[in-house]
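Open the model in your viewer and follow along. Each stop tells you what to select and what is there.

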Amino acid sequence: MKVIVSACLLGVPCRYKGGANTDKGVISFVAGMDVIPVCPEVAAGMPIPRPPVEILRGRIVRKDGTDMDEIYRAGARKIMKEIEGEDSAFAILKARSPTRGVHEV
């Protein structure tokens, strides 16, 4: 079974500060599965580390007000294209992420 997982949860140091959000529970849960690690920010060509962003009025912006929405959306689209056609059962995505979080960042 293939499962899509936020790369940072698997220990990949791709967070905006350069670290990871390693989650041993996730790693244990997906052991033996065919894992597809994803990080839309890295896919978009964003550096590590990178300035923090937030969702403001439905757009992704840096703390200094620079609109980064299209860059982040391009990364998400790239990941979606890469996994298109994959026979994945589900995804485990990092909450509170500008490209993967739902409702809050």
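In what order do the elements of the protein chain run from the N terminus on? Colour by secondary structure and trace β-α-β-α-β-β-α-β. Helices (H or I, at least four residues) and strands (E, at least two) are DSSP runs, numbered from the N terminus.

A word on the source. This is a predicted model, where local features need pLDDT of at least 70, side-chain atom pairs count only at pLDDT 80 or more, and totals for chains, interfaces and linings use all residues. Residues are numbered from 1 along each chain as its sequence is written, and side-chain values use heavy atoms, without hydrogens and water.

Now select the whole protein chain. Its C-alpha atoms fill a box of roughly 45 × 30 × 25 Å along the principal axes. Buried residues (under 20% relative accessible area, 1.4 Å probe, protein chains only) make up 30% of the 105 residues.

Next, select Asp-23. Where is it? Asp-23 sits in the loop between strand S1 (2–6) and helix H1 (24–30).

Last stop: show the side chain of Asp-23. A polar atom of that side chain lies 2.9 Å from the backbone nitrogen of Gly-25. The side chain of Asp-23 also reaches the backbone nitrogen of Val-26, at 2.9 Å.

Definitions and conventions: Buried < 20%, exposed > 50% of the residue type's maximum accessible area, 1.4 Å probe, protein only. Polar contact = N/O pair within 3.5 Å; in protein donor to acceptor, adjacent residues only side chain to side chain.
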